[in-house]
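Student: Could we go through this structure together? I would like to learn where its labels come from.

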Amino acid sequence: MESPGNPLPPDAEDRTAMQRLGDWVWDLVSTWGPAILVVLLIRSVLFEPFRIPSGSMVPTLAIGDHILVTKYSYGMRWPLTRIPVGELSLPDRGDIIVFAYPGSDMDPITGEPGVGHWIDIPVPGITIDYVKRVVGLPGDVIEVRDNVLMLNGQVQAQTTKGEFEFVDDRCDPFPTTLHDEALGDTDHAVLTTRRYAARMPDFGPYTVPEGHVFAMGDNRDHSADSRVWGPVPLRNIKGKSRFVWLSYDQCQPGLPLLGRIRTERMGEALR
């Protein structure tokens, strides 16, 4: 009479299941790990895409624009970190930069630099990325009077172009005025509100400290920027905005979840 086969003890069955799970995880890592690492390295050192979620840079950048940023424009960093290789260079006045919001990378309890101060990988919650225009360099004196920018005592001339309806990320319209502003060697568009009570207050004079830049949004009365939270440390700058590679308007009918695709903005160089 044949004896029945001995079943595996429970701990052996558990080990077998864990081995199968381990094999599956190893296959996943070995298959996708190198590709993910290459993508992270490219995003950290060379190029990174960003989406524009708010209207602080309208009309230069529209809500729903997706932009490409060159990470090496102001100096190289060690891969996956914000630690510079050598000395960082200053942006030019007028550059549109992406940076980690000052303070978002600090420990909320101690106020000291936290994890986000050192690493540069796309992990939600570590830092908050902003996009603004550089208007002041170290040593510059910044003033804003009646929505007119003054740089080192010199008025940055504005030419009024007409009315402009700004639509925010909730699809609410706001009446604004469109101007061309001469910022040093850069001419660019800015918006100011037509509702006097909604204007940002006058600012300055303020001297930009060493190792920092002063950044403002082109939508001057709908932008929390260096007038509110101070200058941007060079270390926080992630790169220079180059062009729009995708754009959609969720306030206009079109594709589900996206809205109207703005093909006319795709490939537009930023200045």
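This is a predicted model: local features need pLDDT of at least 70, side-chain atom pairs count only at pLDDT 80 or more; totals for chains, interfaces and linings use all residues.

**Sheet and disulfide**

Tutor: Gladly! An open sheet of 4 strands runs in the order β7-β6-β5-β11, with antiparallel pairing. Residues are numbered from 1 along each chain as its sequence is written, and side-chain values use heavy atoms, leaving out hydrogens and water.

Student: What makes β7 a strand, and why is it said to pair with β6?

Tutor: Pairing requires at least two bridges found by DSSP. Strand β6 (residues 148-151) and β7 have 2 bridges in the antiparallel sense, so they pair. Met-150 has Val-155 in β7 as its bridge partner.

Student: How do you know that Cys-171 and Cys-251 form a disulfide?

Tutor: Their sulfur atoms are 2.0 Å apart, and the rule asks for a pair of cysteine sulfur atoms within 2.5 Å, so the link counts. Cys-171 lies in the loop between β8 (158-167) and β9 (173-183), and Cys-251 in the loop between β14 (237-249) and β15 (260-261), 80 residues apart.

Student: Why is Cys-171 called partly exposed?

Tutor: Buried means under 20% relative accessible area and exposed over 50%, with partly exposed in between (1.4 Å probe, protein chains only). Cys-171 has 37% relative accessibility, so it counts as partly exposed; Cys-251, at 28%, is also partly exposed.
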